[in-house]
Amino acid sequence: MPPSTTGATAQGAYITKAYPKDPYQYQVGFGNRFASEALPDVLPQGQNSPQKNKYGLYNEGMTGSPFVAPRHENMQAWLYRIRPSVAHQGFTRLPDNPDMESSFLSLNPKVHVSPTQLAWYPFKLPPDSEKVDFVEGLKTLAGGGDSTLREGLAIHMYLANASMDKKAFCNGDGDMLILPQQGRLDIQTEFGKMMVRPGELCVIQRGMNFKVILPDGPSRGCGCTSFSGTLLPSLRVITPPSPDIQEVFGTHYTLPDLGPVGGNGLADPRDFETPIACFEIDQSSWEVVYKVAGQLHACHQEHTPFDVVAWHGNYVPYKYDMDKFIYVGSISRDHIDPSIFCILTAKSKQTGIPLADFLAVGERWDVASNTFRPPASLISGSFPGRSDGFAPGGASLETGFCPHGVDYDVWNAATHMELVAEKVFQGTLVIVFESSMPLTITDYAMNRSSVKHEHEPKMWDNLKANFMNHLDEANADLKAAGLPQLGSTQ
């Protein structure tokens with residue numbers, strides 16, 4: 001650690017071990033009320049706001065829910081810091097980022113509707129001659145609702161080649177689920193540090209300051225991502241997509257209910273990791289960029305925002321290694337809905353209807369008998385049965401109720417293949433965002449991105465009406481059953 005940085009040591013509660021690709025330690029659990037201090041006996045006992053804090057620290061409350069929310073939904077944190085967040089020099093409106101969007105209502109002329117499938121080849125990283133950090137590299141692809149209504153979501157891509165220096169970001173619009181595809185993200189938050197590698201997700205909840213360092217050089221979001229504007233499509237085949245940030249407005253991510261699965265399976269709460277307290281004593285000039293209703297504003301302050309010496313609460317950032325996901329599936333026959341791959345879900349204002357589901361499809365055994373199960377994995381950077389040359393770093397959109405599926409060759413092979421138990425998705429991780437909201441497409445994704453393309457409809461031309469070759473057989477069966485034959489006027 002730099003000389004100006006002090007972190008907690010592992011004492012008492014279980015804390016993970018550091019290793020070369022991740023030098024940080026974490027507390028474990030999902031939705032827990034955590035406590036962490038980087039110096040001994042800093043957290044006040046029996047109260048949140050003593051008249052005087054140890055070392056003259058300032059206490060600060062952060063609320064992620066209304067004060068009167070039910071206890072199981074009430075989210076808050078208390079932070080004890082060297083200088084309070086309110087000690088800043090005022091806000092200045094920054095120029096709009098034309099590639100970002102926060103309102104996805106059809107009244108907005110900057111968003112578009114697509115009746116068909118769309119896809120994007122891998123998004124291009126900034127050239128070496130242009131230094132772009134995480135905030136500057138944010139680009140919105142699609143979304144639903146509006147951040148000011150506290151209902152909806154946005155799907156972003158980040159394309160960055162520079163670390164943030166003396167600069168932090170605070171998103172006042174929603175919680176951000178971030179997925180690196182190329183290069184680790186060294187994320188410093190007010191609660192501590194997280195190293196997020198490809199294959200892991202992290203969630204930074206609304207109102208939390210953070211900065212992103214790129215220890216491996218240029219970075220972009222998730223490997224293969226597919227996003228769908230409905231949870232009830234007319235035909236659903238899991239397809240790989242690739243936006244790397246899902247932002248939800250007015251709600252928070254939770255673990256999906258397990259129902260008949262029971263108490264174990266899918267994402268285990270103990271595998272989620274939350275940072276431990278780690279602070280800096282930097283008293284130099286910093287810039288904090290705030291996103292509010294899609295607008296960017298900046299304030300300057302003469303101290304680091306990462307000066308929290310201790311904290312406690314359940315409103316915290318966290319990360320999860322998707323390799324730890326416990327898959328469930330059919331061990332007899334037939335197809336099971338993709339909801340069995342759900343890691344996190346976010347509730348909408350409609351009872352029982354999720355605003356957004358986050359799914360991951362990875363290596364597992366496929367053993368179902370007498371079942372149509374075409375191969376579904378990325379092989380040599382392509383996705384079999386797709387017309388779009390789908391590759392890591394790209395994305396696809398399946399509009400709600402727009403039929404979509406594999407091409408004829410893949411369908412034909414899966415229809416005639418010998419069904420044996422097989423490992424599928426080896427060395428592959430496909431990310432899927434699904435929403436109950438119709439998604440509109442941003443101007444950047446629709447018109448300014450050079451990698452957008454539509455699926456080739458001819459890929460399904462050979463899916464002929466095979467039934468027409470069996471008319472005699474069908475009529476014989478109808479006649480034997482005493483029913484009118486096809487083409488009969490009786």
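Is Lys167 buried or exposed? Lys167 is buried, with a relative accessible area of 10%. Keep in mind, as you look through these close-ups, that this is a predicted model.

**View 1. Lys167 and Glu136 meet in a salt bridge.** Side chains of opposite charge can pair when their charged atoms come close. Here the N to O distance between Lys167 and Glu136 is 3.7 Å. The two partners come from distant parts of the chain, 31 residues apart: Lys167 sits in strand β11 (residues 167-171), and Glu136 in the loop between β8 (118-120) and β9 (138-146). While Lys167 is buried, Glu136 is partly exposed, at 45% relative accessibility.

**View 2. Arg197 pairs with Asp323 in a salt bridge.** The closest N and O atoms of Arg197 and Asp323 are 3.6 Å apart. Arg197 lies in the loop between β15 (192-196) and β16 (200-204), and Asp323 in the loop between β27 (318-321) and β28 (342-347), so this pair ties together parts that are 126 residues apart in sequence. Arg197 is buried, with a relative accessible area of 18%, whereas Asp323 is exposed at 62%.

**View 3. Glu247 and Lys291 form a salt bridge between two strands.** Their closest N and O atoms are 2.9 Å apart. Glu247 belongs to strand β20 (residues 245-249) and Lys291 to strand β24 (residues 286-292), so the pair ties together parts 44 residues apart in sequence. Glu247 counts as buried because its relative accessibility is 0%, and Lys291 counts as buried at 2%. Across the whole structure, a search finds 20 salt bridges.

**View 4. Tyr158 is a buried residue of strand β10.** The strand covers residues 151-160, and the relative accessible area of Tyr158 is 0%. Look for the polar contact between the side chains of Tyr158 and Ser219, at 3.2 Å. Pro180 is 22 residues away along the chain, and its C-alpha atom is separated from that of Tyr158 by 8.9 Å.

**View 5. Asp366 has neighbours from elsewhere in the sequence.** Asp366 lies in strand β30 (residues 364-366) and is buried, with a relative accessible area of 17%. Among the residues that Asp366 touches are Arg373, Val420 and Glu422.

View 6. You can find Leu105 in the loop between β6 (91-93) and β7 (111-112); Leu105 is partly exposed, with a relative accessible area of 35%.

Methods
Residues are numbered from 1 along each chain as its sequence is written. This is a predicted model: local features need pLDDT of at least 70, side-chain atom pairs count only at pLDDT 80 or more; totals for chains, interfaces and linings use all residues. Side-chain values use heavy atoms; hydrogens and water are left out. Helices (H or I, at least four residues) and strands (E, at least two) are DSSP runs, numbered from the N terminus. Buried means under 20% relative accessible area, exposed over 50%, partly exposed in between (1.4 Å probe, protein chains only). A polar contact is a pair of N or O atoms within 3.5 Å; within protein, one must be able to donate a hydrogen and the other to accept it, and residues adjacent in sequence count only if both atoms are side-chain atoms. Contact means heavy atoms within 4.5 Å. A salt bridge is a side-chain nitrogen of Lys or Arg within 4 Å of a carboxyl oxygen of Asp or Glu. Lists of a residue's contacts leave out its neighbours within four places in sequence.
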